[in-house]
Amino acid sequence: MNNSETQKTMARETFSGNSFFTLLHKSANSEARRGRLQCSHGSIETPVFMPVGTLGSVKAVNPHQLVDLGAQIILGNTYHLYLRPGADKIAAAGGLQKFTSWKRPMLTDSGGFQVWSLKDIRTISEAGVKFKSHLDGSSHFFSPESVMEIQRKLGADIIMAFDECTNYPSTFLEAEKSLRLTQGWTERAVQWLAKNPPIHQYPQFFFGIAQGGMHPELRQRAIEHLVGLDLPGYAIGGLSVGEPAEEMYSMAKLCTSGLPQDKPRYVMGVGTPTNLLEMIGLGVDMFDCVMPTRNARNGMLFSWSGPIHYKSARYADSHGVAPDSDCDCYTCQNFSIAYLRHLFKSGEILALTLASLHNLHFYCALMTEARKQIEAGNFESWSRALIEKWNLISKETQE
């Protein structure tokens, strides 16, 4: 196959996905699914949690450690990588994987959430978003076409549509206006990608993003529009933005019920271990969140027995006691919680690495176990028991 034919094939895969996703097992008692994504940089077993590497690096953790703890795919962010070091520099390096020495799959978020968050220094129109850099105040413009061009240069295996994030709370009219922008931008992105195949010699799979706020009619409209575009995968955005948990789950359920069974579903920016298990039961396949590493840097570990506040004075003399006795991660197998607390209180960088390793290991282990339980037909009872235990511990802690 010559280079022209290869580019045409990759351009088709941007939209059709071909054998990109395989549904391996579907639970008989819920919408929980077990699947596999196949990218040029490797396969991804789902459900999957994706550590966030905003600038091409998961904070405090190196690629070798990520592989050891079980990470299958990590994220980069278009907005931040565009500002530094720049998409052209990453393209010249051969794409994100070569630039970062992460040899497994990557996904790039479009930067829509980041420019949305710059409320006082950005202007949104149908054409796109004009904004000022949070680094130096310089002026920039993102259109759906330019964001696709940046992601072509970055070279992630999965690339995301440029969307307009809906405020919470929002009126129906506000959310409808926002949704129309996202839909128009997604169509323009599809058109641009069809004419501009990947510049690196492997396919990139394009995901659209469903917005619509907390309005069921708009969410339904968003899903129908995306399904009509027949994309390789679909993301659900605008959740975990301050709404009650039950409302978040209701919107996720509405969205997954309208999505095709043979395409992956990705809920963006979610969330706690409980959130992940609830969402898996609703048919979600992919997750990302900064919570494991952010909470680790702020003195908290996740565990099978609930949160552990390792910076607490109660652990000052807990020598020989692992941070989490039920965990086989590098941190828990080699260090005491007293030592971890000492590092944190002393401002030692090692504390952030060890805590981050544990939390990411826990999230990946949670997904591994979820996949096993789905295959065994026990996911619902297993996840419900865990959630109830965590809720009880949380309640006792608050009392």
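The model I am reading is predicted. Cysteine 364 is buried, since its relative accessible area is 7%.

I then searched for disulfides and found zero in the structure. Cysteine 327 is in none, although the sulfur of cysteine 329, the nearest cysteine sulfur, is 3.5 Å away. A disulfide requires the sulfur atoms to be within 2.5 Å. I also noted that cysteine 327 is buried, at a relative accessible area of 7%.

Next I turned to the largest pocket, which holds about 870 Å³ of space. I recorded 33 lining residues, with Phe113, Gln114, Gly269, Asp288 and Val290 nearest the centre. By class, the lining comprises 14 nonpolar, 13 polar and six charged residues. I listed β5 (74-77), α6 (112-117) and α12 (291-297) as elements that each supply at least two lining residues. Helix α12 gives the largest share, five residues.

Which helix holds methionine 291? I located methionine 291 in α12. I classed methionine 291 as partly exposed because its relative accessibility is 23%. Leaving aside residues up to four places away in sequence, I found methionine 291 in contact with Gly271, Thr272, Ala296, Phe302 and Tyr363. Finally, I checked methionine 291 against threonine 331: the two are 40 residues apart in sequence, and their C-alpha atoms are 18 Å apart in space.

Technical notes. Residues are numbered from 1 along each chain as its sequence is written. This is a predicted model: local features need pLDDT of at least 70, side-chain atom pairs count only at pLDDT 80 or more; totals for chains, interfaces and linings use all residues. Side-chain values use heavy atoms; hydrogens and water are left out. On a 1 Å grid over the protein atoms alone, a cavity is a set of points where a 1.4 Å probe fits but cannot get out, and a pocket is an open set with protein on both sides within 12 Å along at least five of seven lines; lining residues have an atom within 4 Å of a point. Grid points are joined across faces, edges and corners, and a volume is the space filled by probe spheres set on the points. Helices (H or I, at least four residues) and strands (E, at least two) are DSSP runs, numbered from the N terminus. Ala, Val, Leu, Ile, Met, Phe, Trp, Tyr, Cys and Pro count as nonpolar, Asp, Glu, Lys and Arg as charged, and the others, Gly among them, as polar. Buried means under 20% relative accessible area, exposed over 50%, partly exposed in between (1.4 Å probe, protein chains only). Contact means heavy atoms within 4.5 Å.
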